[in-house]
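This report describes one chain and the interface that it forms with a second chain.

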Amino acid sequence: MTFTRRETLAIGGATLAVATLPGKLMASTSDLIAGVTGGAAASADGIELTAPEIAENGNTVPVAVSAPGAVAITMLAGGNPTPGVAKFTFGPGSAEQSASTRIRLAGTQDVIAIAEMADGSFAAVHKTVKVTIGGCGG
Amino acid sequence: MKLNSITAIVAGLVVASTSAFAGEDSVLSIDGQEFITQAAAPAHMENVDTIYSGWVFRTDETQALEMDDFDNPSFVFVEQAEELFETVDGSAGKACVSCHESPEVFAGLRAKMPRVNDAGELETLPELINGCRTERMGAEAWKWSGGQMSGMLALVGLQSRGDIVDVAIDGAAAPFFEKGKELYYTRVGQLDMSCANCHEDNYGNMIRADHLSQGQINGFPTYRLKNTKLNTIHGRFKGCMKNIRATPFKEGGEEFKALELYVASRANGLMVETPSVRN
Amino acid sequence: MAKGVKPRVKVPKSASAGEAITIKTLISHKMESGRRKDGDGNTIPRSIINRFTCAFNGTSILDVTLEPAISTNPYFQFEAVVPEAGEFHFTWYDDDGSVYETKKAVKVA
């Protein structure tokens, strides 16, 4: 397989873009997580976040969170005008500490979920969702 | 062993990548009923071999929304229409239910619409509904693409869900079909595009980050994630025309009615999916 | 009360004692974010459902705080335990002070 000079440049550019992007997002993501945990460390285990890799429309993005034993799960979207999305507080009648909903994402960004466990510890997870620009959108 | 599984994965990837678009192999099943989402094109279509429901062009997440009537947000509006069906309106003191026992009596109707009536006029579902309202109920006509009309269209159309689209194009319908076909292939607007440029020449291709569909209307009215409401057929035609920088025809006008007949007939062989979910 | 607001819930009609069941809820609501502008350039004021709760025979199952990032027609799916026969009570709180409620009885087989 051979590439023309132009193709090689394009690939290089794309790689560079991919390499620089996460660093910038990671910073604000960790700040947002720290904002919820009050600076306490959050485990990467014990929480799951399901979100599409690519959302067809940022208006309605299906997401699901699950954190067995959690008291509450806070969901944030760092790339929105305001990062708050929802806070799920689980009562004694909840069977498993999980919930699904549909959210708005202003653009490609990290969706973050932070669980507060019964013992006061935290678990956090984040996932990048690419939000596509509609073709016509008419 | 390990090599075999890798080979299988690679083979799977190759198979997947030969599909024209993401959901071509997905199966649409609602409440246990399987839907025909691809079929041989009707004989009158000269340039297309296979017709596809717009559902197959959507991502897994969007597809899933149509596979369960609770997850499908259209049903909020269907339920509102069920209430409207029983609500008295107008000077005659009647509701839909005064003449039509239940919405189920409209089973099969959506699959045949639009159609030519005995007077030789092309009639669409919104016109039938507004005809009832103004002539029998003494009520005001609903706005073509308003919430009440689109909800009622969804409720009436739902009664034919799963029926094979079978729109008549011969006999009295022939002149309307020809007019609609001409409109379909006529380039208009600043971008100088016809319906066919996108929905016949380029379906399955990307238009920016979107998959272009064949522009089938067998699932209308459709709940769009974009505007989170039910969208009517003529409302969608209007949107397309704006996108190509053309002056849209009037909703309910002769042009869109003829175009609706022609476009509807391009889905002859697919199933009614009303109310569908699209992006 | 905002116009056209209608709750929908999906709960099994019966369950066995102690069984975990899936509940789905949806309410028709425009969830106006407060960030859009009208044709004259004036900001359309925020008007959203800001809280949703579900309880069974008075025991809390889920209490959700909603922000404007929740989509139009808010949808939730979650799991609840049915310890005995009784009633689910769903409540949505609107920014304008309206409260929308619906109840669903469950039999224990």
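## Chain A and its interface with chain B

The accessible surface of chain A amounts to about 6800 Å², and carbon and sulfur atoms account for 61% of this area. The model is predicted, and the values below are computed from it.

Chain A contains one helix and nine strands. Chain A has 138 residues, of which 42% count as buried. Among contacts in chain A between residues at least 6 apart in sequence, 61% link residues at least 24 apart.

The interface joins 15 residues of chain A to 21 residues of chain B through contacts. About 1600 Å² is buried between chain A and chain B, with carbon and sulfur atoms contributing 50% of that area.

The rule finds one salt bridge across this interface. Its partners are Glu56(A) and Arg58(B), whose closest N and O atoms lie 2.6 Å apart. On the side of chain A that touches chain B, the residues divide by class into five nonpolar, eight polar and two charged. Six residue pairs are found in polar contact across the interface of chain A and chain B, both residues being at pLDDT 80 or more.

The two areas are set out together below.

| Area | Value | Share from carbon and sulfur atoms |
|---|---|---|
| Accessible surface of chain A | about 6800 Å² | 61% |
| Area buried between chain A and chain B | about 1600 Å² | 50% |

Notes. Residues numbered from 1 in each chain as written. Chains lettered and ligands numbered in written order. Predicted model: local features only at pLDDT ≥ 70, side-chain atom pairs only at ≥ 80, totals over all residues. Heavy atoms only, no water. Contact = heavy atoms within 4.5 Å. Buried area = accessible area lost by both parts, 1.4 Å probe. Salt bridge = Lys/Arg side-chain N within 4 Å of Asp/Glu carboxyl O. Polar contact = N/O pair within 3.5 Å; in protein donor to acceptor, adjacent residues only side chain to side chain. Nonpolar A, V, L, I, M, F, W, Y, C, P; charged D, E, K, R; others polar. Helix = DSSP H or I, 4+ residues; strand = E, 2+ residues; numbered from the N terminus. Buried < 20%, exposed > 50% of the residue type's maximum accessible area, 1.4 Å probe, protein only. Areas by Shrake-Rupley, 256 points an atom, 1.4 Å probe, with all protein chains shown as cover.
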